[in-house]
Amino acid sequence: MKRLGLLMALALTTAAALPATAEAQTKPIQLGLVTPLQIIPQDQSVGVVRFCLIYCANEDVKYVDIGLVLKTTGQQSIFQLGGVGLGHDFKGFQWNWAGAYNTGDLTGVQLGGLGNYTVSGTGVQWSGIFNGAESFGGLQVALVNYTKTLQGLQVGIINIISEGGDIFGLPIFPFVNFDF
């Protein structure tokens, strides 16, 4: 009877561990100098915090991402503070001194010293020189703002909505442009 109980406990423990194999590639903490000189290989994900001195690359990063050049090929969420952010999808607050470049979706706030770009986004893009998007919903603030389609407001010296614009139907307008 004891053996049967022990065997059942072992089977339950093994079964409980099986669904977690997909998350086995997610490690809580990443410390790195430059890829590949980092604790977690670049094809794995970081679950809590990534701290990178020069350049780090990982699949996904959740919660906190701090470093000089930060690259993510999958999803990133919550908070990024760095020099340059390179990623695919981002949800949260992205603050990079030079700027950020996302090849997927942005949901949240993207602050950049020089410029920001995302394929599609919802939220706020704010930079010193340039903001760009293929499709954006929300607020863009920079010297030059560009998007193909916009559901929102642009504030800057040059504002371009290449497929729209509600001010006299013009795609380029100084100071403010919008399309709702």
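Which residues do ring pairs link into a cluster? Ring pairs join F79, F93 and W95 into a cluster. The model is predicted, so that local features need pLDDT of at least 70 and side-chain atom pairs count only at pLDDT 80 or more, while totals for chains, interfaces and linings use all residues. Residues are numbered from 1 along each chain as its sequence is written, and side-chain values use heavy atoms, with hydrogens and water left out.

**Aromatic pairs**
- A search of the whole structure finds 4 aromatic pairs, where rings of Phe, Tyr and Trp (its six-membered ring) pair if their centres lie within 6.5 Å, and planes under 30 degrees apart count as stacked, over 60 as edge-to-face and the rest as tilted.
- One of them is the stacked pair of F79 and F93, with 6.0 Å centre to centre and 0° between the planes.
- This pair links distant parts of the chain, since F79 lies in strand β5 (residues 75-87) and F93 in strand β6 (residues 89-112), 14 residues apart; strands are DSSP runs (E, at least two residues), numbered from the N terminus.
- F93 also forms an edge-to-face pair with W95, at 6.5 Å centre to centre and 75° between the planes.

**Exposure of the cluster**
- F79 is partly exposed at 27% relative accessible area, a class between buried (under 20%) and exposed (over 50%), with a 1.4 Å probe and protein chains only.
- F93 is partly exposed at 28%, and W95 is partly exposed at 41%.

**Confidence**
- The chain has a mean pLDDT (the predictor's confidence in each residue, from 0 to 100) of 88, and 87% of its residues reach 70 or more.

How values were computed: Helices (H or I, at least four residues) and strands (E, at least two) are DSSP runs, numbered from the N terminus.
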